[in-house]
Amino acid sequence: MENKQRGQRLTQYVTDYVVFDLETTGLSPVSDEIIEMSALKVKNQKVTDTFSTLVNPGRHIPYGATAVNGITDNMVKDGPSIVQVMKDFLEFAGNHVLVGHNIHSFDMKFLYIAAEERLGVPLPNNYIDTLYLARRCLPQLSHHRLVDLAAYFHLSTEGAHRALNDCIMNQKCYEAMAKLYKEKNPPSGLICPRCKGELVKREGRYGSFYGCGNFPLCRYTRNA
């Protein structure tokens, strides 16, 4: 599959989305496998549906992975394959924007392999990585892990590193950060003609201008 069939990483806030999380056998999208996939469908900032399943990776789960997420070989032995799970997830997600933490460099790579190589279909959904949003909204934090964000917003971190619990935690953090984002980036109501992202008013060397909210993926600008 060519990259042009993949969605873009967005930076603006959206009210309707699917927040998801994966647990895997390790850190490599090429040599490791998904062992749990969970997601929440959100409409107008409210959770309307839930998706969650263990996945049989067809291989032994290393001790190091189990030590992090608590998932064992016995727990997944009767689980569905990634092919079936990915079919169900794509149906659940539809054309919604996907939201997750650190997904640009991790989870999306696993999803692309599962969709494109295992299932033979593209994954064109745009997505929002809350790690980037956190760095922008909370620059004063020394770390921007999901548990760090939850602690900042006084949210429970119980059950962290299980996919569904992380989805619930991240959805709450995303909505909390959205308020900070709106304060720093008041909506302009203007749409980028190139990528359809929202234009954000910024201050530059020569005064005010509008730049695409999807910068640096889109570098469109116009005079304020």
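**Reading the fold of a predicted model**

Analyst: In this predicted model, a compact globule of 224 residues would have a radius of gyration near 17 Å, and the protein chain has 18 Å, which agrees.

User: Over what dimensions does the C-alpha trace span along its principal axes?

Analyst: The C-alpha trace of the protein chain spans about 60 × 40 × 30 Å along those axes. The accessible surface of the protein chain comes to about 11600 Å², and carbon and sulfur atoms account for 50% of that surface.

User: How should I read burial here, and what share of the residues in the protein chain is buried?

Analyst: A residue counts as buried when its relative accessible area is under 20%, and by that cut-off 46% of the 224 residues in the protein chain are buried. A further view comes from the contacts between residues at least 6 apart in sequence, of which 62% join residues at least 24 apart.

User: How many positive and negative side chains are there, and how far apart are the centres of the two sets?

Analyst: The protein chain carries 26 positive and 23 negative side chains, with the centres of the two sets 10 Å apart.

User: Turning to secondary structure, how many helices and strands are there, and what is the order of the strands in the open sheet?

Analyst: The protein chain contains 7 helices and 9 strands. An open sheet of 6 strands is arranged in the order β1-β6-β5-β2-β3-β4, and its pairing is mixed. At the edges stand β1 (9-10) and β4 (46-54), each of which has a single partner strand, so one side of each is left without a neighbour in the sheet.

User: Which strand does β1 pair with, and do the two run parallel or antiparallel?

Analyst: Strand β1 is joined by 2 bridges to strand β6 (residues 127-129), and the two run parallel. For a residue to look at on screen, take Arg-9, whose bridge partner in β6 is Tyr-127.

User: Why is strand β3 described as largely enclosed?

Analyst: Strand β3 (residues 34-43) has 8 of its 10 residues buried, so it is largely enclosed by the rest of the structure.

User: How should I read a positive phi, and which residue takes one in the hairpin of β3 and β4?

Analyst: Most residues other than glycine have a negative phi. The hairpin of β3 and β4 has 2 residues between the strands, and Asn-44 there takes a positive phi near 50°. Gln-45, which lies in the loop between β3 and β4, has a positive phi near 75° and is partly exposed, with a relative accessible area of 36%.

User: Where is His-161 found, and what is its phi?

Analyst: His-161 is found in the loop between α6 (146-152) and α7 (163-184). The phi of His-161 is near 75°, a positive value in a residue other than glycine, and His-161 is partly exposed at a relative accessible area of 39%.

User: How do β7 and β8 pair, and over how many bridges?

Analyst: Strand β7 (residues 199-204) and strand β8 (residues 207-212) pair in the antiparallel sense over 6 bridges, and they form a hairpin with 2 residues between them. Within this pair, the bridge partner of Arg-202 in β8 is Phe-209.

User: Which residues is Thr-221 in contact with, leaving aside its neighbours within four places in sequence?

Analyst: Thr-221 belongs to strand β9 (residues 221-223), and its contacts beyond those neighbours are with Phe-209, Tyr-210 and Gly-211. The C-alpha atoms of Thr-221 and Arg-202 are separated by 9.9 Å, although these residues are 19 apart along the chain. With 49% relative accessibility, Thr-221 counts as partly exposed, since exposed requires over 50%.

User: Is Arg-219 buried or exposed?

Analyst: Arg-219, placed in the loop between β8 and β9, is exposed, with a relative accessible area of 56%. The C-alpha atoms of Arg-219 and Cys-192 lie 9.8 Å apart, with 27 residues' separation along the chain.

Note on methods. Residues are numbered from 1 along each chain as its sequence is written. This is a predicted model: local features need pLDDT of at least 70, side-chain atom pairs count only at pLDDT 80 or more; totals for chains, interfaces and linings use all residues. Side-chain values use heavy atoms; hydrogens and water are left out. Helices (H or I, at least four residues) and strands (E, at least two) are DSSP runs, numbered from the N terminus. The radius of gyration is taken over C-alpha atoms; the globule rule is 2.2 Å times the number of residues to the power 0.38. Buried means under 20% relative accessible area, exposed over 50%, partly exposed in between (1.4 Å probe, protein chains only). Contact means heavy atoms within 4.5 Å. Accessible areas come from the Shrake-Rupley method with a 1.4 Å probe; for residues, only the protein chains shown count as cover. Lys and Arg count as positive and Asp and Glu as negative; His and the chain ends are not counted. The place of a charge is taken as NZ of Lys, CZ of Arg, CG of Asp or CD of Glu. Two strands pair if DSSP finds at least two bridges between them.
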